[in-house]
Amino acid sequence: TTTSSTTTTSEALTTTEPPTTEAFTTAEPTLAPTPAPTSTSTEPQTTGEGGKGCSEPQGKVVVGELRATCASFRYYKYCNRDEVREACPVSCEVCTPSGCNDDPSFKIRTALGEFACEDWRGYFCWEAVQAACPSACRAPGCG
């Protein structure tokens, strides 16, 4: 039985299920390899390491025998693996997509003192903070 699920961008970015090694099967075996699907993303890209574009898939990805979202790979600390960093360069902070750079001059006063963008990593960002710090706040499409 084959099941199909649709994952929205916000779900894909917030899902933190651990990577799995669930079996991959098709109804009938294929006789020859088939080409990988081409990306139809209209997300803005900037150049990452090695001249590659800075983007990543929005659903689950397969890395070796593991299958998870890029957010899950980041959450469960798999970004130390080269193959995960290559598959998930935004989540693993290898590159920053166009429009996702944090404002280096942004500072805001909080009950804990003055915070810059970098200080917000790991916290729930206020709306004004997310606008100035999309990368640190992990705004949709920014990691």
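Student: Which cysteine does cysteine 125 join in a disulfide?

Tutor: Cysteine 137, with an S to S distance of 2.0 Å. Keep in mind that this is a predicted model.

Student: Where do cysteine 125 and cysteine 137 sit in the chain?

Tutor: Cysteine 125 is in the loop between E4 and helix H4 (127–132), and cysteine 137 is in the segment after H4. They are 12 residues apart, and the pair links distant parts of the chain.

Student: Is the link of cysteine 125 and cysteine 137 left-handed or right-handed?

Tutor: Left-handed, with -95° about the S-S bond.

Student: And is cysteine 125 buried or exposed?

Tutor: Buried, because its relative accessible area is 7% and the limit for buried is under 20%. Cysteine 137 is buried as well, at 13%.

Student: How many disulfides are there?

Tutor: The count comes to six disulfides. With the bonded cysteines numbered in sequence order, they pair as 1-6, 2-4, 3-5, 7-12, 8-10 and 9-11.

Student: What does cysteine 54 pair with?

Tutor: Cysteine 54 forms a disulfide with cysteine 95, S to S 2.1 Å. That link is right-handed, with 95° about the S-S bond. The two residues are 41 apart: cysteine 54 lies in the loop between helix H1 (9–14) and strand E1 (60–63), cysteine 95 in the loop between H3 and E3.

Student: What are the relative accessibilities there, starting with cysteine 54?

Tutor: Cysteine 54 has 1% and counts as buried. Cysteine 95 has 10% and is buried too.

Student: What about cysteine 70, which cysteine is its disulfide partner?

Tutor: Cysteine 88, with the sulfur atoms 2.2 Å apart. The torsion about the S-S bond is about -75°, so this disulfide is left-handed. Cysteine 70 is in helix H2 (residues 70–75) and cysteine 88 in the loop between H3 and E3, 18 residues apart. Both cysteine 70 and cysteine 88 are buried.

Student: Switching to serine 91. Where is it found?

Tutor: Serine 91 is in the loop between helix H3 (82–87) and strand E3 (107–110). Its relative accessibility is 2%, so serine 91 counts as buried.

Student: Which side chain makes a polar contact with the side chain of serine 91?

Tutor: That of glutamate 56, at 2.6 Å.

Student: What else is serine 91 in contact with, leaving aside neighbours within four places in sequence?

Tutor: Besides Glu56, serine 91 is in contact with Cys70, Ala71, Arg74, Cys79, Arg138 and Gly143. Of these, Cys70 is the cysteine that forms a disulfide with cysteine 88.

Student: New topic, aromatics. How many aromatic pairs are there?

Tutor: The count is six aromatic pairs. One of them is tryptophan 120 with tryptophan 126, an edge-to-face pair at 5.0 Å centre to centre, with 65° between the planes.

Student: Why is it edge-to-face and not stacked?

Tutor: Because the 65° between the planes is over 60, the cut-off for edge-to-face, while stacked needs under 30 degrees.

Student: Is tryptophan 120 buried or exposed?

Tutor: Buried, at 4% relative accessibility. Tryptophan 126 is partly exposed, with a relative accessible area of 41%.

Student: Which residues do ring pairs link into a cluster?

Tutor: Phe115, Trp120, Tyr123 and Trp126.

Student: Last one, alanine 116. Which strand does it lie in?

Tutor: Strand E4, residues 113–116. Not counting residues up to four places away in sequence, alanine 116 touches Phe106 and Lys107.

Key
Residues are numbered from 1 along each chain as its sequence is written. This is a predicted model: local features need pLDDT of at least 70, side-chain atom pairs count only at pLDDT 80 or more; totals for chains, interfaces and linings use all residues. Side-chain values use heavy atoms; hydrogens and water are left out. Helices (H or I, at least four residues) and strands (E, at least two) are DSSP runs, numbered from the N terminus. Buried means under 20% relative accessible area, exposed over 50%, partly exposed in between (1.4 Å probe, protein chains only). A polar contact is a pair of N or O atoms within 3.5 Å; within protein, one must be able to donate a hydrogen and the other to accept it, and residues adjacent in sequence count only if both atoms are side-chain atoms. Contact means heavy atoms within 4.5 Å. Rings of Phe, Tyr and Trp (its six-membered ring) pair if their centres lie within 6.5 Å; planes under 30 degrees apart count as stacked, over 60 as edge-to-face and the rest as tilted. A disulfide is a pair of cysteine sulfur atoms within 2.5 Å.
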